[in-house]
Amino acid sequence: MTTTTSETAVAAADGIVEVAKTERTTSIRLSRKALLVSLVEAKRFADVKSSMPILQTVMLRLRNVAGDVLGTSRLEVAATDLNMTYIDVVVAEATSKIEGVEVDLAKPLNAEPIAICLDAKKLHDVVKALGGDEMTVEIVERRGVNDETTKGKTKRTSYSTTTSALLCGKSKFKLTTLSGKDFPKLPSMDGLVWQTMPASTLAELIEGVAFSMSQDTTRAHINGILLESIWHGEDGGSKVVADKIRVVSTDGHRLSKVDRPAAGFMLPFNGGVYDKTGVTSPKPVSILIPRDAVVELRRRCAKGVEAVDIAVKSGW
């Protein structure tokens, strides 16, 4: 009898007790058409065949830009297959409330960016099906601490969940949501030096060597094209002058090369810092562009783009 009473007392004590809980709701208002245009491109970069669910998604990340010309906030749209990354920015207006009290998004969060990941195809299809010019992305983040008691022993655990919904007029869609923290780190654009090349020149270079690119994905060094700047040093090497732009491709049997006048274009490297004092035999700066990226550049040039900005950085 005593044993039974003791077991009953322990069973009654077992369970989960919520110690603390915080709920934050963020509403992002933006143009549906602007988001759709971005998603059409983003879903092409998501890897729908990947065994990693996070690569099948598009990340929507709200960035605080107080005083920025884009407005009070901007929504970053990003997708990646780990080889190529797509990043776009959509102008948005956002409000955020914690336990019903509005917070100032311009303050450093409030510092942690608000980010969610949604299935690329489903997100595109829903936004495309919605009517109206404007829509709202609603993000609800719940965080808390629980005390879980089992057989008289208490263990404190924390939890975090994120849900999202798309609202437009009377329509509301809830989608499976993954945390933006799980999305691969995006390349930083800080400190990059960009060089501009006419799209017609790039298209001509690619057309001249595309036929001899290797299709063997296991041989990354030839599964694409080599782009390099040919230059020479002047004034004892303190001045660098670009002579040519060169592209090369090979499949192991054929090799093709195309040179064009640099016309002021030179590949920047490591932030565009050149210290060539005393150099007597400069070496060309070169990069390998993977086949998938070459196909994408070819497609962009064919769509009537006037110029392509190129920057190079080691160790993304």
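Predicted model: local features only at pLDDT ≥ 70, side-chain atom pairs only at ≥ 80, totals over all residues.
Me: Why is Lys128 called exposed?
Reply: Exposed means over 50% relative accessible area, buried under 20%, and partly exposed in between (1.4 Å probe, protein chains only); Lys128 has a relative accessible area of 56%, and is therefore exposed. This residue belongs to helix α3, residues 120-129.

Me: What is Lys128 in contact with, leaving aside its neighbours within four places in sequence?
Reply: Lys128 is in contact with Arg32 and Leu36, contact being heavy atoms within 4.5 Å. Both Arg32 and Leu36 are among the buried residues of α2.

Me: How do you know what span to expect of helix α2?
Reply: The expected span is 1.5 Å times one less than the number of residues; for α2, which covers residues 32-45 and has 14 residues, 20 Å is expected, and the helix reaches 20 Å from its first C-alpha to its last.

Me: What is meant by the kink in α2, and where is it centred?
Reply: The bend at a residue is the angle between axes fitted to the seven residues ending there and the seven starting there, and in α2 there is a kink of about 25°, centred on Leu39.

Me: What makes the buried residues of helix α4 lie on the same side?
Reply: In α4 (residues 199-209), the buried residues are Ala199, Thr201, Leu202, Leu205, Ile206 and Val209. They cover an arc of only 160° around the axis, which puts them on the same side of α4, the arc being that of the directions from the helix axis to the C-beta atoms.

Me: Why are β11 and β16 said to pair?
Reply: Two strands pair if DSSP finds at least two bridges between them, and β11 (residues 195-198) pairs with β16 over 4 bridges, in the antiparallel sense. Thr196 stands opposite Asp309 in β16, and Asp309 is on the uncovered face of that strand with Ala307, whereas Val308 and Ile310 form the covered face.

Conventions. Residues numbered from 1 in each chain as written. Heavy atoms only, no water. Helix = DSSP H or I, 4+ residues; strand = E, 2+ residues; numbered from the N terminus.
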